[in-house]
Amino acid sequence: MRAYAAYARRLSALRDIPLLLLRLVLAYGYYHPARLKWQDIHGIGDWFGQLHIPAPYVSAYVVAITESAGVVLLTLGLWVRYITLPLMFSMVVAIITVHWANGFEAGDNGFEIPLYYILMLFTLLVYGSGRTGLDAFLERSR
């Protein structure tokens with residue numbers, strides 16, 4: 001038991017590394033979709049209209065802004081708990097409007113990847129950015 005306690009204590013010293021990696025992987029994952037949305041925001045609005053998303057052009061801008069903010073804020077570890085909620089909401093909408101009908105498998109454009117994003121974002125919502133983010137720095141400076 002003693003060995004396990006020492007092992008657990010050593011591992012707990014690394015607890016901020018998974019949070020940092022989650023943030024960086026998510027930021028990287030949102031970068032390309034955000035960039036594509038800005039390259040053809042009108043086309044995204046048209047597509048959202050075909051999906052019967054309310055106010056499709058406004059929604060296209062809201063999602064593009066949310067994803068772009070997500071890239072920056074997740075990378076910096078700034079306001080992480082705040083940005084996770086709109087990102088999770090956009091993933092739920094994506095699952096409902098695009099991925100659900102295709103089943104679970106990512107290879108079939110199913111909801112597997114958006115579900116993983118939701119779970120990673122939920123982890124950051126609960127645990128925050130960790131000690132490696134600006135959130136922790138700002139908290140310490142108070």
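Predicted model: local features only at pLDDT ≥ 70, side-chain atom pairs only at ≥ 80, totals over all residues.
View 1. To find His52, look in the loop between helix H3 (41-50) and helix H4 (56-76). The backbone deserves a glance too: His52 is not a glycine, yet its phi is positive, at about 65°.

**View 2. Asn109, a partly exposed residue with a positive phi.** Here we move to the loop between H5 and helix H6 (112-127), where Asn109 is found. Its phi is near 60°, which is a positive value in a residue other than glycine. Is Asn109 buried, partly exposed or exposed? Its relative accessibility is 39%, so Asn109 counts as partly exposed.

**View 3. Val92 on helix H5.** Helix H5 covers residues 80-99, and Val92 is part of it. Val92 has a relative accessible area of 38% and is therefore partly exposed. Now find Leu74, which is 18 residues away from Val92 along the chain. The C-alpha atoms of this pair are 19 Å apart.

**View 4. The buried residues of H5.** Which residues of H5 are buried? They are Val80, Ile83, Thr84, Leu87, Met88, Ser90, Met91, Ala94, Ile95 and His99. Follow them to their packing partners: the buried residues of H5 pack against H4, H6, helix H2 (16-39) and helix H7 (134-141).

Note on methods
Residues numbered from 1 in each chain as written. Heavy atoms only, no water. Helix = DSSP H or I, 4+ residues; strand = E, 2+ residues; numbered from the N terminus. Buried < 20%, exposed > 50% of the residue type's maximum accessible area, 1.4 Å probe, protein only. Contact = heavy atoms within 4.5 Å.
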